[in-house]
Amino acid sequence: MVRQLHPLRLLLAGSVLGATLALSGCSAETAAQWGRFGLPEAASDRAPFVGNLWVGAWIASLVVGVFVWGLIVWVMIRYRKRQPDEQPRQTRYNLPLELLYTLVPFLIIGVLFFYTVQAQNGVLAKETTRPVTTINVIGQKWSWTFNYMEASNPAVGAVVHEAGTIDKIPDLYLPVNKPVRFNLASADVIHSFWVPAFYFKLDVIPGRQNSFDITPDKVGVYSGKCAELCGTYHAAMLFTVHVVPEQEYIAYLKSLKANPNNVGEVTPPEYPNVVPTVPAVEGEKK
Ligand SMILES: [Cu+2]
């Protein structure tokens, strides 16, 4: 007698096999990243604000999703066509139901808005209790310039800078567990300063200074990028962030100071000319 394989059993066997393969292929790090819904490992004191908002929004979306998918499946089964000429019961102009599905989305948006504003206030709050290390950042097509404003720091005694070019990705050194104030300025168009591991980015806008405070709290090397499509070589606007112990930070600034080309502050033009000038065409002059 041939025993037929029930489709449900096949499905179950497939699921077990799939889950085993997926789990055995996961390193502990990948599994942890799943727990953060894809976020990289955090390296700043402001990370929990955006991290919790991100994870919370995913959980809320999944709760709503499971509820809606459940309703869909339930309706498909409960009200399926049983008789050939059966017309399902029609429900129209059900005011309570219509009010419900109009108001519930507003409620969901309201809750998300509340937590978003809270997270925004958290990441943008200025450091008030501890002294800050100031770094003036300039975004320029297509790299970054970092000015370390350490003139009053006796260990350095000068403002030093490092300017990146499209061929040389600049390094940004930061002391671990020290609050840093970033002042962002643009030399030309809108860029966006982004260090994914800090869970933070902020636009760099010509003619306007944006600033934020953050405390890197984990020694390591992280990637930094421009997060605003700013032109042809936008993808080349990378930088490398080194979060290091303070002595190493000071040593790096001193090594910059040893080269006279790196001493002094680079400032963006006061009125960046963001509109390219078009040369006059012959014969159009009046
Ligand atoms: Cu850019």
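**Ground rules**

I number residues from 1 along each chain as its sequence is written. Because the model is predicted, local features need pLDDT of at least 70 and side-chain atom pairs count only at pLDDT 80 or more, while totals for chains, interfaces and linings use all residues; side-chain values use heavy atoms, with hydrogens and water left out.

**Entry 1: the chain as a whole**

I began with the secondary structure and found 5 helices and 10 strands in the protein chain. Here helices (H or I, at least four residues) and strands (E, at least two) are DSSP runs, numbered from the N terminus. I then looked up burial: 30% of the 286 residues count as buried. Buried means under 20% relative accessible area, exposed over 50%, and partly exposed in between, with a 1.4 Å probe and protein chains only. I also checked how far apart contacting residues are in sequence, a contact being heavy atoms within 4.5 Å. Of the contacts with a separation of 6 or more, 69% are between residues 24 or more positions apart.

I looked at the geometry next.

Ala235 counts as exposed because its relative accessibility is 64%. Its C-alpha atom is 8.1 Å from that of Lys225, which is 10 residues away along the chain.

**Entry 2: the largest nonpolar core**

In soluble globular proteins, nonpolar side chains tend to be buried together. A nonpolar core is taken as a set of buried Ala, Val, Leu, Ile, Met, Phe, Trp, Tyr and Cys residues joined through side-chain atoms within 4.5 Å. The largest one has 40 residues, and Tyr148, Leu172, Phe182 and Phe193 touch the most other members. Helix H5 (residues 246-257) gives this core its largest share, 5 residues.

I listed the contacts of Phe182, leaving aside neighbours within four places in sequence. Among them are Ile135, Val137, Leu172, Leu174 and Phe193, together with Asn210 and Ser211.

**Entry 3: rings**

I counted 16 aromatic pairs in the whole structure. Rings of Phe, Tyr and Trp (its six-membered ring) pair if their centres lie within 6.5 Å; planes under 30 degrees apart count as stacked, over 60 as edge-to-face and the rest as tilted. Trp74 and Tyr79 are edge-to-face, with 5.9 Å centre to centre and 85 degrees between the planes. Trp74 is partly exposed at 45% relative accessible area, and Tyr79 is partly exposed at 45%.

Phe200 and Phe212 form a tilted pair, since their ring centres are 4.3 Å apart and their planes are at 35 degrees. This pair links distant parts of the chain, with Phe200 in strand S7 (residues 200-204) and Phe212 in strand S8 (residues 210-214), 12 residues apart. Phe200 and Phe212 are buried. Ring pairs also link Phe200 and Phe212 into a cluster with Trp144, Phe146, Phe182, Phe193 and Phe239.

I checked for charges over rings (NZ of Lys or CZ of Arg within 6 Å of the ring centre and within 35 degrees of the ring normal). The charged end of Arg78 sits over the ring of Tyr79, 4.9 Å from its centre. Lys201 lies over the face of Trp194, 5.7 Å from the ring centre.

**Entry 4: backbone**

Where is Trp142? I placed Trp142 in the loop between strand S1 (133-140) and strand S2 (143-150). The peptide bond from Lys141 to Trp142 is cis, with omega near -5 degrees.

Tyr199 has a positive phi of about 55 degrees although it is not a glycine. Tyr199 is in the loop between strand S6 (191-195) and S7, and is buried at 9% relative accessible area.
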